[in-house]
Amino acid sequence: MNGFGYNIEALNAVLAEVIEGSISPVAWAWFKQVDTNNTTAFYGAFAMMPRKTGKAVIDISAEQKDILNTIRPGFTIDNWATDRLCRVWLLIQPDIDKGKYFRQIENLFTTGEMKELVALYSALPVLPYPELWVKRCAEGIRSNIGLVLEAIMYRNPYPAERLDEGAWNQLIMKALFTDKQMHLITGLDERNNPELVCILIDFAKERWAAGRTVDPALWDIAAKFTEAGLLNEMKQGHWESAGAI
Amino acid sequence: MCCSLNIEDRQVPAGKPEAFDISAVKGMKFFDPHVHMTSRTTDDYQAMADAGVVALIEPAFWLGQPRTGVDSFKDYYSSLVGWERFRSSQFGIKHYCTIGLNSREANNEALAEQVMEVLPLFIYKDGVVGIGEIGFDDQTAAEDKYYRAQLELAKEAGLPVQIHTPHRDKKRGTQRSMDIAIEHGLDPYMVIIDHNNEETVKEVLDRGFWAAFTIYPFTKMGNQRMVEIVKQYGSERIMINSAADWGISDPLAVPKTAALMKLNGISEKDIELVTYSNAITAFSQSGQIDEADFAVSVDQSAKFEGNTVLRGGQQPRIDKSSIIIS
């Protein structure tokens with residue numbers, strides 16, 4: 001299958017090495033014999049992954065991390081559970097035509113169990129045909145399942161690379177709204193924009209009016225497009241002198 | 001699936017009720033193997049967690065009115081393994097489910113055929129501990145057909161079966177459900193017969209099936225009667241559940257009944273078996289239940305950056321007794 005924007009053979013090789021080092025020989029033998037071009041076998045393996053591979057945290061060396069980041073910049077699998085990594089790897093194995101592949105992946109998304117969804121969204125940066133998954137990524141941001149949001153937001157380079165400004169701004173707002181750790185969002189600084197800062201300041205003011213606090217990370221993002229003096233006034237709740245009322 | 005009576009028909013018994021004193025069973029863990037959480041509020045989750053419920057099973061069932069398309073079923077099954085599972089995790093309760101086509105909706109054959117086609121997509125998913133709740137409602141030919149088809153599916157997948165027994169013609173319906181399960185070659189030890197009462201329990205146990213009792217006001221078992229059942233039949237292969245749903249029901253039925261058993265001198269070992277371990281023994285034949293997962297802090301995959309705080313955030317508590325909402 002073509003359509004990968006990176007060296008798929010190299011990625012396959014390093015992920016196979018990590019997986020083999022993280023699961024039992026029995027599980028590895030099972031994994032290798034799955035016929036990923038057969039739809040039923042592919043769906044079945046995806047669903048059954050945790051009961052075959054277990055859920056322990058993967059073993060990965062610093063060297064393997066570096067190699068991964070060279071092959072697919074920004075893609076990290078640190079602290080992943082084995083079933084998550086194995087599912088992501090499975091998703092990039094089928095060698096079938098583009099239309100069929102898209103339908104299969106979409107079907108997995110629409111019937112996904114909680115951790116299946118985590119694996120699916122984690123796989124966005126390494127799936128082939130990256131242009132196909134933009135809407136799906138934006139849809140994922142509408143989820144209210146914390147784990148799913150984190151799979152999209154934390155250390156995932158896909159959203160920053162592919163989302164349009166509206167969807168990106170929605171991701172940042174949703175992250176703030178759901179108390180996510182903002183520093184784990186890939187592309188937070190690169191994708192910052194004046195419209196986003198307007199939205200954030202409006203949010204901060206609403207929170208202030210309600211007597212609630214905001215994550216200080218909000219001000220760090222706002223600082224890029226806001227004059228320092230004004231920002232200080234707003235931080236202290238002096239909205240009138242900041243001219244924002 | 002419950003509720004065949006109208007609310008207006010119900011007579012609330014007179015007399016002052018005894019207060020539920022959780023201290024009788026403080027520190028005990030409970031497993032509710034039949035409760036429809038999609039119909040319940042977050043207050044219920046909170047109360048269940050406070051009362052010691054550490055895990056539960058949500059069987060797929062009828063939603064109170066019939067569905068008209070297969071996608072409604074698909075979305076419902078997805079929510080059982082997705083959104084509802086997450087909602088439960090926020091209260092520290094491990095959520096499992098059983099997946100199946102319920103008996104009422106088996107009567108829409110055109111739709112039932114389509115539902116049977118999507119079931120294999122869900123039954124192998126993580127945390128799906130059985131096929132359920134299936135069985136008879138009206139005992140029609142269509143119900144018989146899809147009950148049998150799903151028994152075959154359970155056999156193929158190596159999953160336990162959770163069987164709903166009918167309100168009307170209950171005794172014969174229960175016997176027939178067991179006869180058919182045996183006819184299809186299922187091991188009775190893989191089959192949980194639900195909604196038992198004094199009339200059905202003996203035969204269910206004698207034939208080697210698991211006997212589940214639903215503690216549900218007005219239409220099913222009361223827990224005083226349940227205490228008598230355990231006194232008479234012991235604790236082997238007996239389990240209790242709340243089957244709490246969109247009707248007047250009680251998500252604390254399991255801990256409350258445990259407390260009542262304690263007050264009535266039933267041994268702690270027997271209480272533990274009927275309110276926790278037996279259900280785990282029966283449903284863990286699916287290979288999908290690991291008691292280590294009940295405590296969220298020991299779930300490795302729930303850790304992040306070495307932090308044991310539940311990913312996605314534990315729900316904050318609010319003071320319900322206060323007039324102030326902030």
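Analyst: We will take the strands, then the cores. This is a predicted model: local features need pLDDT of at least 70, side-chain atom pairs count only at pLDDT 80 or more, and totals for chains, interfaces and linings use all residues. Residues are numbered from 1 along each chain as its sequence is written, chains are lettered from A and ligands numbered from 1 in the order written, and side-chain values use heavy atoms, without hydrogens and water.

User: Are the faces of strand β5 of chain B buried or exposed?

Analyst: Strands (E, at least two residues) and helices (H or I, at least four) are DSSP runs, numbered from the N terminus. Buried means under 20% relative accessible area, with a 1.4 Å probe and protein chains only. Strand β5 (residues 161-164) of chain B is covered on both faces. B:V161 and B:I163 are buried on one side, B:Q162 and B:H164 on the other.

User: Which strands pair with β5(B)?

Analyst: Two strands pair if DSSP finds at least two bridges between them. Strand β4 (residues 128-135) of chain B runs parallel to β5(B), with 4 bridges. There, B:G132 stands opposite B:Q162. Strand β6 (residues 191-193) of chain B is also parallel to β5(B), through 3 bridges. B:I163 faces B:I193 in that pair.

User: What is a nonpolar core, and which residues touch the most other members of the largest one?

Analyst: A nonpolar core is a set of buried Ala, Val, Leu, Ile, Met, Phe, Trp, Tyr and Cys residues joined through side-chain atoms within 4.5 Å. The largest has 92 residues, and A:I77 and A:I92 touch the most other members. A second, separate core of 76 residues includes B:F91 and B:V128.

Technical notes:
Buried < 20%, exposed > 50% of the residue type's maximum accessible area, 1.4 Å probe, protein only.
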